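Here is a short report on a predicted model. Have the sequence and structure open as you read.

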Amino acid sequence: MRLLGLVLRWLGCSGGLCAAAMLVHGQQPLSAPAPLAPPPPPVSAGELAVMRRAAERAHDFGLLTPAASLYRKLMDTPGADRPAQALALATVLLDAGSAAEAERVLAGIPPPHDAAWHLRNGLAALQLSKRGVAQAAWDGINPDELSTGDRAWYIFLQAALYDTLPFRDRAAENKANELYNLARDAATTDLAKARFQLAAEGVRLQFAPPTPEDLEQTRRVFEQNQGRELGYEAARQYAVKLALLDRRPDAVKFLQERVLTRMSALERGWRDEFNFLIGFFGDRSRTGAGRNALLQLLADGIRPERQRQALQLLADASGRTAERTQFRAELDRLIARTPAHAMREVLLYFRAQLAVSEKDYAAAEEHGQRLLRDFPDSTLRAHVFGLLTESAWEQQRYRLAAPNASKTREALLARSPAGGGVARAELGVLEAEAWFRAGDFRPAAD
């Protein structure tokens with residue numbers, strides 16, 4: 001009984017919950033709950049932790065629409081740290097290219113503003129072509145005040161500022177590329193690295209549109225060197241320059257009709273590049289040219305970084321039922337392929353994540369467990385255990401949620417012994433609450 005009391009006090013339960021727990025164990029409460037006492041929070045610490053981890057996991061893998069939805073829900077949830085969730089939402093919106101909305105979210109966070117806020121404000125300003133504001137924000141940030149993850153974005157912002165200098169020369173371009181690579185290398189997973197590469201592509205589509213003369217010169221280089229390496233590079237540059245001039249449909253048509261149809265079957269690396277550009281510039285709805293190009297890149301490509309980017313773009317464009325159904329079917333087809341697809345590990349994770357979002361928990365657990373079994377040293381272990389924790393929690397299978405939360409914490413510690421302390425602490429609270437809900441009070445107290 002003393003142990004139960006310690007558990008109840010540690011979990012901070014209020015009158016109604018404490019009384020219920022005492023009655024379950026055949027004891028009367030020492031005093032009746034006060035009739036005017038405030039009701040307990042509708043969302044517990046464990047539930048908040050499940051929601052936060054789900055939002056972070058979706059963001060980590062480029063699932064931006066569901067991540068933004070989860071953070072908005074957290075912002076409106078009593079008991080959540082609203083400024084922290086707003087900051088996270090702004091980060092997702094920046095990744096999604098919704099800089100104006102991110103700026104509004106940031107403006108709603110009351111001062112004082114820390115280095116993390118100023119970093120996101122600078123990234124938003126850069127996306128909105130307010131380079132001077134972005135430069136001032138970067139100049140005022142002390143990188144020592146940033147988290148490990150934010151330092152990578154700090155480096156990225158520095159790279160983008162070099163990349164967007166009004167009079168950029170070769171030295172500035174080289175410095176930008178060097179810093180982009182440093183930011184990418186600081187990411188903890190291959191999919192996170194792909195996100196940085198996508199962000200760099202986006203920066204270069206925002207500034208310094210080409211002149212008509214420059215566009216025409218690039219077209220002539222392509223015409224004169226078709227079928228050669230120089231011609232393919234000119235084709236890539238010409239398509240990007242068309243996009244810079246807000247002529248994305250023309251860029252897609254050019255790549256489809258003038259480039260891909262005339263390519264040798266042996267030029268698979270360039271085919272991946274052009275399919276990526278079509279996917280990046282084109283329509284990603286169910287029958288859109290962009291989506292079809294990304295599906296082809298994912299199925300038959302040979303460049304893993306472009307395939308990971310294709311996965312992220314496809315996942316984020318699969319919010320509606322038709323696109324989600326198509327994406328699910330394609331993942332199933334590629335996972336079942338023999339010989340095994342080179343990216344089966346990542347495909348399994350995306351399939352499990354999709355299943356959780358659809359509340360198909362049996363499929364989520366099947367694909368998550370298969371990933372752990374087939375790839376025991378996977379860098380995705382912490383994410384998979386987190387996904388399995390969420391699945392068990394949502395089904396109220398608390399005796400399964402608790403050990404999965406513990407395994408998530410252990411995997412995070414193994415991946416980053418010096419970091420992730422807040423996440424591990426939240427997972428400890430989640431594990432304790434799961435044991436408590438299961439009625440196992442001794443491990444909850446531990």
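Phe222 sits in helix H12, residues 212-224. Helices here are DSSP runs (H or I, at least four residues), numbered from the N terminus. Phe222 is buried, at 3% relative accessibility; buried means under 20% relative accessible area, with a 1.4 Å probe and protein chains only.

Beyond its neighbours within four places in sequence, Phe222 is in contact with Gly231, Ala234, Ala235, Phe254, Arg258 and Val259. Contact means heavy atoms within 4.5 Å.

## Aromatic pairs

The structure holds 13 aromatic pairs. Rings of Phe, Tyr and Trp (its six-membered ring) pair if their centres lie within 6.5 Å; planes under 30 degrees apart count as stacked, over 60 as edge-to-face and the rest as tilted.

Phe280 and Phe281 form a tilted pair, with ring centres 5.9 Å apart and planes at 50°. Phe280 is buried at 14% relative accessible area, and Phe281 is buried at 7%.

Trp393 and Tyr398 pair edge-to-face, 5.3 Å centre to centre with 80° between the planes. Trp393 is buried at 5% relative accessibility. Tyr398 is buried at 13%. Elsewhere, Trp153, Phe156 and Tyr180 form one aromatic cluster.

## Basis of the values

Residues are numbered from 1 along each chain as its sequence is written, and side-chain values use heavy atoms, leaving out hydrogens and water. In this predicted model, local features need pLDDT of at least 70, side-chain atom pairs count only at pLDDT 80 or more, and totals for chains, interfaces and linings use all residues.

Terms used
Helices (H or I, at least four residues) and strands (E, at least two) are DSSP runs, numbered from the N terminus. Buried means under 20% relative accessible area, exposed over 50%, partly exposed in between (1.4 Å probe, protein chains only).
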